[in-house]
Amino acid sequence: MKELIICLGFLLSLNAYADNIKDTLAHNSKMNVELRHYLGKWKKVHANSKSLSSSNREGKEIHLAFYCTDMAAVKCSLEAMCIIPKVISPSILTAYVPADKIECLTEIPAIKRIVGKRSMKLSMENVRHSANITKVHDGVDLETPYTGKGVIVGVIDAGIEFDHIAFRESKDSTRIVAAWGMLSKHSQPIYGSANIIAAKTDGIDECHGTHVMGIAAGGKTMSGSNSYGVAPGAEIVAIGSEELSDADIFNGMDLIRDIAETEDKPWVVNCSWGLINHSHDGYEDFTLALSEYAQNKGHIVAASGNESDQYLHAMHEFSSDDEKIYVLINHRQNDDFYINFVSEDTMDYKIEPYIYNTRTKEMTQVSSIKWDASGSMFYEWRNEYTNRYEKVAEVIVSGEYDEGLLDDYNSSSWRIAYGITGHRGQIIHSWVDDYSSFAFVSSPQFIQPDTRYSINSPAIGKDIICVGAYVSSPSYQSYQSQTISWTSDKIGDLCGFSSVGPSLDNLQKPDICAPGAVVSSAFNGRAKSFHLNSEVTEIRSFEGEKYYYGAMMGTSMAAPVVTGTLALWLEANPDLTQAQILEIFRKTSMPFDNQVFGEWDDRYGYGKIQAYEGLKEALRMSTGITPIRNSETPVTILKNHDKWRILFNNGESYARIVVYTSDGRQVYTKTLSHLERGQEEQVSFAFLPKGMYIVSIQTRNSSVAYKMAI
C-alpha cells in the first residue's frame, strides 16, 4: 500500500508538463525545492485555520541564504519588512524570515535565489576505531615542533562538546577561542575560556562534531590519550549547527575568517559534510560562495563523500535527435528523495515522469494528473555561469493523497521512472540522492547506473581541498579490551565508500586521500544519544567528570586529518597558497598500489597525504610576500626503526649530530655546515646493538636531545 502512495505522490508532484507549469515556475523558481516543499506543507496546515493565532499563522522563522545581484537593494527591502539581514559578501545575505513572508520575497528583482531547509549530510559511514591517529604518518612517529601553533582551525559541524579535555590546556583554559551553538535566532558566539567551558556543548544531539574536531586539533596536554589530533597546538573556532544550512554555514565561515583576520593568522576550515545532488561542475551558488572564502590566508577542506559504493549516478550520450532513454529508481521506502539532471552542453532536454511495471515491463506516462495544490516539486533553470539546463524533481511519499487513483495496480510491481529526451551527441547526467538509488534493468531502453561522479558539494569546488579516505586499520580495541574487526580490506586501500570522480568540466577531484577507516578521537559524552558501548575506545576522568573517546569511519574522518596537516604546514609557511598546497600533494603524496607517483587520478587524487614530506616542501617554499617564520626548535625528525630523517627547520651555518649510549659513551658523530632551510640529513643506526641511546643535535643557536630505543 505504501508503494501505491509513493507512486501517487510522485504523480501529483512531478508532472513537469501540467497546464500551469509556467505560472508555478515563474512564481517559485527562485526557491530551492526543499524550501518549496516546506512551504507547501505549511500552507496546507495553516490554510483557513481560524483556531490559530496570527503569530502561529506566521510560522516558524527559517534561516535563509539570499544570493543577490544587488546586495544593497535586497538589504533595504528586507529591512523595510522588519527583517534583519546579515551581510556575508557583496552577493550574499542571511536572515531569519517568517514562513508567511518568504514567498513574497521572490518578487524582489535583485534576489537571484533563496535557499533554506536544505541540510548538508554528515559524511560519516559508520563507527569504528583507529589504533592511533599517528596513522597520518603511515605508522611512523614524527617528532616535530610543528603543532599548528599560530594557525586558526575552524570546524563547522554538529554535536561539539566544548569543554572536552581534548581541547583544554588546563582546568580553566581551552584552545577554543570562540564557540557558537546555532540552535536559534538568538544564539550568539561565545568568547573566553571560562564562558566556553561553562557552555559545555553546542546542544546538538550528535557525536560527529567532537570527533571531527578532535582529529583535526585535539590535544594531549590534559587528556593523556593516544587519540590526540594532528594539530594539537592550533587555536580552534568551533561552530555547531543543527541544520547545517547554507545560512548557518555562511555565518560560521564569517566568524572564523573575522577572528583569523583580526589576529592576522592563517586559517583552515574543516567541512565534513556535503550533498550528492548538485551539478558536479563546481558552479553551484553555494560552492562558488564558499570558494570565495578560500582567499587571503584562508583554506577550506571538505570530505569527498561516502557514496562510491552506491548506484546514484547515470549518464547517457544520445545517438540521434529526439531519442528517449529511461532511468528506473529504487525508492527504498523513503519518505521523499530528489533527482537531479544536467546536460554537458547548453541545449535543453525533456524529462517526463513514468510508472514502470517490473512484472509486465509496461511503461505508463504520467500525463493526466495536475499539480498538487501546494505547488509543484519540480524546479528547472539555466545556470548563469555555464548556460547549462539543470533540473531537480522531488518524489514525495505522503499519505495525504487519494489512493484510489492507483487501486487497480499491483503495488509490488510498480516503480518510478523518468524518460529523458535529448539531441544527437548530447550527454545528460542524472543523480539521485542516497535515500534511494538507480536500478539496473536488462533492457537497452534503460540507462545502466554507475558509481562514478560521486564527489559531494562543496568538496567539488575549484578552490576547496577535496579529501577521500583510505583504510588505516581494519580492527580496533574497545575500552573493554575487545578486539573488533571492521573490514577485510587491506590497510592502505581506498575505502569502498569514498566518493570518486570524475567531474564535469574536467575538475580534478578528489585532491588527496587520508586515513578514514577507522579513526579514534574524542566523543561527545553529553549527547542524549550517546551510549557507553563497544564504539567507545577510551574513558578519561577529570574533576569528577568522565570524557570519552570513540571510533568512527568515513571521509568525515579523513578530511580533518588533512585540515590538521595543513595547519602544521601553515605554521611553517603561513603564506602557502592553494596552488602550492596542490603542488605539495603532487610532489610528496604516496601513490596507491596501482597509481603512478605524482599523477592525479579520479579515484585517489594525488595519493595518500604525507605530513612530513609535505612539511619539508612547505619549509622550502617561499611566497615572496613576507618572510617565513623560523621555528624555535631546530629540527623535525621522522623516526623509522634504525634510521632517522632529520629536517632542519631553519637555515644553519653549523650543526653537529652526536649519539651517546645510556652511560654517556659517544658512538656516532657527524658535523654539517651551511645548511639550508628544509635541508634533510639521513642518519642510519643499523650498526648499533640493541639498547637505549641519546641523540643530541646542536646548532650555533640551539641544542636538543632525544631518547632512542633500538
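Helices here are DSSP runs (H or I, at least four residues) numbered from the N terminus, and their axes are lines fitted to C-alpha atoms over the stretch in contact, with angles from 0 to 180 degrees between N-to-C directions.

Before you start: this is a predicted model, where local features need pLDDT of at least 70, side-chain atom pairs count only at pLDDT 80 or more, and totals for chains, interfaces and linings use all residues. Residues are numbered from 1 along each chain as its sequence is written, and side-chain values use heavy atoms, leaving out hydrogens and water.

**Exercise 1.** Work out how H11 and H12 pack.

*Step 1.* Find H11 at residues 555–572 and H12 at residues 578–588; their axes sit 13 Å apart, at an angle of about 105°.

*Step 2.* Angles of 65 to 115 degrees count as roughly perpendicular, so that's the label for H11 and H12.

*Step 3.* Look for contacts (heavy atoms within 4.5 Å): Val-562, Leu-566 and Trp-569 of H11 meet Ile-581, Ile-584 and Phe-585 of H12.

**Exercise 2.** Count the disulfides, then look at Cys-466.

*Step 1.* A disulfide needs two cysteine sulfur atoms within 2.5 Å, and the structure has zero.

*Step 2.* For Cys-466, the closest cysteine sulfur belongs to Cys-513, 8.5 Å off, so it's too far for a bond.

**Exercise 3.** Decide which parts to treat with care.

*Step 1.* The average pLDDT (the predictor's confidence in each residue, from 0 to 100) is 84, and 84% of the residues score at least 70.

*Step 2.* Residues 1–27 stay under 50, and residues 623–628 are also below 50.

Conventions. Helix = DSSP H or I, 4+ residues; strand = E, 2+ residues; numbered from the N terminus. Parallel < 35°, antiparallel > 145°, perpendicular 65-115°, else oblique.
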